[in-house]
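Hello,

Here is the structure you are taking over. My notes on what was found in it follow below.

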Amino acid sequence: MRHIRNIIIGAGQAGLAMSHCLTALSQPHVVLERGVVGNSWARERWDSLRLLTPNWQSRLPGHVYSGSDPDGFMTARSVVEYLAQYANASAAPVQTGVTVTSVSRDANGYIVATNKGIWRAANVVLASGACNRASVPSFADDLPQHIVQVSPLSYHNPTDLPKGGVLVVGASATGVQLAAEIHASGRPVILAAGNHIRMPRHYRGHDIQWWMEHAGLLSATADTVDDIARARSVPSLQLVGDPARQFLDLNALQNMGIEIVGRLAGMHDTSLMFSGALANAASLSDLKMNRALTQMDNWVATTGLDLKAPPVRFAPTWLPTLPRLTLDISCGAIKTVVWATGFAPDYSWLHLPVFDAKGRLVHNGGIVAPGLYALGLPFMRTRKSSLIDGVGDDARWLARHIATSVDRRAA
């Protein structure tokens, strides 16, 4: 059994940011990574994926984007290269190919079992990612065997799919991107849209992420929202990492020829059942977008920023008068279902009483229990906590907490 003061689980952006911050505070640690640095970006992302945040917003402690295209959007491969450069520049003590199989605790601290031996540590940081498993409804098991089911974690490109119709379930960033890509391959696509947030890529001369950063939306803290559990489950904006595309929303998809239906509510016999509240979901999405744009406009008015482009509001989402409510999947029209229904972290190896009744990790700003921390989760301390640009502030705060706790125990 090996002993060390701090163990970080995961060598993605969160784990590497924490490593950098612990090094700056002279805190001995090791980073355990099941695959390679940036493993999820390297092995669990589809081929055409690009970040939703522009390159200039790729900022980690002691490391910023320095390429020639600050307004572009990194591919998954570029993210892997960026993180590998960061790990090398930070001299992060990463051990790759080490899979954590169990984390437990006894009177002397935490016991971290791996495929390459057992570690003991005073502190453990969970930085293994927020998107380790796809959230797929239980009735997916009832679909006929002839229907291929994939998630964004297993999908790479349309050639993975059989010829024929595709049902994409979910209308956040992942769902609309995959629906557009699969439709472009010549396959008929139906998109089941539940809660979603429509947003333009650009507004009044700036990328929407510039607005969200400068107007303070991304820095909003967890204690400023009424329902933090709901805030942590807000879907990602309907965006795509393409500076030339203003919208990839339901209107754009319908213009391509994609059929839009309501939220997939369940299955009865051989028919999938869709919610009749599609119009309400679209209206609420438009309302949320316009509220955000108004907040940005108000910020301009308050700061006196001189912008040549005036405020603008976009045409509302339009929908068919009578969208489809059922779909018989026994006739062979649908060959594939793509579950773009969200993601969740995988803590199946965390054998501690730190979960709520719904199986969600309970934490207060990343502090889970004495000596146990989490990093990189949605709205952990601020709205940007799960972004590359957000994990740095959280890592600095938690690293100081770890170092202070060590000092207190030593006193």
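**Second largest pocket**

The second largest pocket holds about 200 Å³ of space. A pocket here is found on a 1 Å grid over the protein atoms alone, as an open set of points where a 1.4 Å probe fits, with protein on both sides within 12 Å along at least five of seven lines. Its volume is the space filled by probe spheres set on the points, which are joined across faces, edges and corners.

This is a predicted model, where local features need pLDDT of at least 70 and side-chain atom pairs count only at pLDDT 80 or more, while totals for chains, interfaces and linings use all residues. Residues are numbered from 1 along each chain as its sequence is written, and side-chain values use heavy atoms, with hydrogens and water left out.

Lining residues have an atom within 4 Å of a grid point. Among those of the second largest pocket are Trp 46, Arg 50, Glu 181, Asp 242 and Leu 248. The lining divides into five nonpolar, three polar and four charged residues. Ala, Val, Leu, Ile, Met, Phe, Trp, Tyr, Cys and Pro count as nonpolar, Asp, Glu, Lys and Arg as charged, and the others, including Gly, as polar.

**Salt bridges**

How many salt bridges does the structure hold? There are 14, a salt bridge being a side-chain nitrogen of Lys or Arg within 4 Å of a carboxyl oxygen of Asp or Glu.

In one of them, Arg 120 pairs with Asp 106, with the closest N and O atoms 2.9 Å apart. Arg 120 lies in strand β8 (residues 117-126) and Asp 106 in strand β6 (residues 100-106), so the bridge ties together parts that are 14 residues apart in sequence. Helices (H or I, at least four residues) and strands (E, at least two) are DSSP runs, numbered from the N terminus. Arg 120 is buried, at 14% relative accessible area, whereas Asp 106 is partly exposed, at 28%. Buried means under 20%, exposed over 50%, and partly exposed in between (1.4 Å probe, protein chains only).

Asp 249 and Arg 198 also meet in a salt bridge, at 2.7 Å from N to O. Asp 249 is in the loop between β16 (237-238) and α7 (250-256), and Arg 198 is in strand β13 (residues 197-198), 51 residues apart. Both residues are buried.

A further salt bridge joins Arg 324 and Glu 259 (2.9 Å, N to O). Arg 324 sits in the loop between α8 (278-303) and β20 (326-328), and Glu 259 in strand β17 (residues 259-262), 65 residues apart.

Regards
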